[in-house]
Amino acid sequence: MFARQFRVKSNTAIKGSDRRKLKADVSAAFPSLTADELSELIPNKEELNVVKIYAHKGDALTLYVLHKNPLFFELEKRLYPTVYALWRHPALLPTFRTWPPVLEKLIGGADLMLPGVVAPSSGLPHVKRGDCCSVTLVNNRAPVAVGNAASSTEEMHSSGMKGRGVCVLHAYMDHLWAFGDKSGPPSFPDAEGEEQEANGEDYEVDDRQEEAERCEEEEEEQQLSGEKVKDQPCSGIEELSLVEQEEQRGDEEEEADQGDQKMPQETMDALLLQCFLHALKKKVKKSELPLLTSTFLRNHMFSCCPSGKQLDIRKSSYKKLSKFLHAMQKQHNLVRVKELTKGVESIVEVDWNNQELRYFKVLEETNDEASSAQDGGEAEPPYRPPEITTLYSVSARLEPLFLDANKRKGTILQPAEVRHIVTEYVKKNELVDENNKNYVTVDPTLCDCLLERSEYQEVQSLKWDDLFGRALGKMTECYEVVFPGHAPIRKKGHMEPIDVSVASRGSNKKVTVIKNLDAYGLDPAAVGAALQRRVQASSVLQPVPGSKDKVLVQIQGNQIHQVGHLLTDYYQIPRKYIQGLDKGPKSGKKK
């Protein structure tokens, strides 16, 4: 889990109540700890930090750090000790021993295989599947890895000591260990282990040789009988190497992907210039000048980025937009940049007759294609918003009104159907006022279904609009959502809108929070990435409080206007299904 670098989300000092809860959780998870040992691991007055991280696969974990060393990590509401904690209390967990050469494979992310386990004279420790356990080396009782038992002790023996023994989560020399002071394991001599290590090489070689010969004999017999032979590990070392090869293969693929995404500064400089010239030639109009440099980048340059590429000024040699624009002014004489307001730069003039701009040729690519590549991602189908229809369910009170149409309680109708059924009822019972066709006489059925008790004696007739409004108001509201290519989904209540709000973080830091994107078939990660490119600000995904599988998008600054443009213009979400767009920053000069 920690074979690759993780990302730190937050690092805060623990509160007094959380410290007490942590001490209680550690005591419950590891009952062998005495009160003094527990106070040593979690002291009452020394600084203890809570660090929230994301592992490379996206798992959310919590670290508890004392004196810069992580002592425990919490995964899926379960506490695990780190090697730093186990070096203080090596007998805290059931222990499996292995040979020193296997440590390199554990560091690389491999699990401990049963053929590599060295059983002591007293036998293997008694564990159940999923129990937390540690791994030590035969010459030292100091643990070097922590994980979960892949099977129970009985299952290990019944399998002939083959397969996985310990699913390793954390090991000495991995990135979690490197988060601490990077100290080495202490020396806890193991007399029995030293004797086994003295004969360990011959033991390992003999076993490998006998196992390999047995595998060859079985393979020949299967080939003679015409059966398909499947490759099987022939020794503990080979099983470990297979696991390691898979991990290394994954590392190499990820590094290759990252290498493809990295662009040299020269390439990014060229892309920056291309988008700059494209924006000046096709996007910017004289009537827009003076134009804020931030608006020029956000609304014009990003939309000119070719499909499949990503414009990022921080990866160029300029690092900042202001530095790039000043270079375009001094070296190319394309624009003139001026600080009209303190700290805010604007493009005040463009040399439309500049030869470099006049002879620049725009690549044949539509803006929609470039926008879809940036906002939706490469090779993804274009997003199409769902069709949302408001429906109404017949309630128990209105059932008598709908009996003639054979519509019982719970029947879901469209508004037009409700109007038609009510109209037919009025015509059938001749309730239209003869003197004024705009009014309908209230009969006993309409009185019971639509009027309040206080209106029984007062209201004798209703206008058509009032009649329809009361009928719909007394019914149960529902909605139908139809995503392209999927069956309709009907639910009671009303469709929850996408919620856009601004929250404060820290002293004066504003962030924009977007919730309920998944209800409209939007991928929060894709929306966050699109906003990040548009406004050049960091965005993160966070779980929605009180929900297990829903996430929200959080982006730095008050970006409500940009969120509104993205949702309404690009994703075509109707504005009535987005709430909070009126909370954007007000335009105009400050007095």
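Buried means under 20% relative accessible area, exposed means over 50%, and partly exposed lies in between (1.4 Å probe, protein chains only). Asp-111 has 12% relative accessibility, so Asp-111 counts as buried. This is a predicted model: local features need pLDDT of at least 70, side-chain atom pairs count only at pLDDT 80 or more, and totals for chains, interfaces and linings use all residues. Residues are numbered from 1 along each chain as its sequence is written, and side-chain values use heavy atoms, leaving out hydrogens and water.

Asp-111 sits in the loop between helix 4 (102-107) and strand 7 (112-113). Helices (H or I, at least four residues) and strands (E, at least two) are DSSP runs, numbered from the N terminus. The Asp-111 side chain makes a polar contact with the side chain of Arg-164, at 2.8 Å. A polar contact is a pair of N or O atoms within 3.5 Å; within protein, one must be able to donate a hydrogen and the other to accept it, and residues adjacent in sequence count only if both atoms are side-chain atoms. The side chain of Asp-111 also reaches the backbone nitrogen of Val-168, at 3.0 Å.

## Tyr-172, another buried loop residue

Tyr-172 lies in the loop between strand 11 (164-171) and helix 6 (175-178). Its relative accessible area is 16%, so Tyr-172 is buried.

Which residues does Tyr-172 touch, not counting those up to four places away in sequence? They are Val-83, Trp-87, Leu-103, Ile-107, Val-144, Trp-177, Ser-183, Gly-184 and Pro-185. Contact means heavy atoms within 4.5 Å. Val-83 is 89 residues from Tyr-172 along the chain, yet their C-alpha atoms are separated by 6.6 Å.

## Helix 10 against helix 12

Helix 10 (residues 265-282) and helix 12 (residues 321-330) pack at about 70°, with axes 12 Å apart. Axes are lines fitted to C-alpha atoms, for helices over the stretch in contact, and angles run from 0 to 180 degrees between N-to-C directions. The two helices are therefore roughly perpendicular. Angles of 65 to 115 degrees count that way; under 35 is roughly parallel, over 145 roughly antiparallel, and the rest oblique.

Helix 10 supplies Leu-272, Leu-273 and Phe-276 to the contact, and helix 12 supplies Phe-324, Leu-325 and Met-328. By class, that gives six nonpolar, no polar and no charged residues. Ala, Val, Leu, Ile, Met, Phe, Trp, Tyr, Cys and Pro count as nonpolar, Asp, Glu, Lys and Arg as charged, and the others, Gly among them, as polar.
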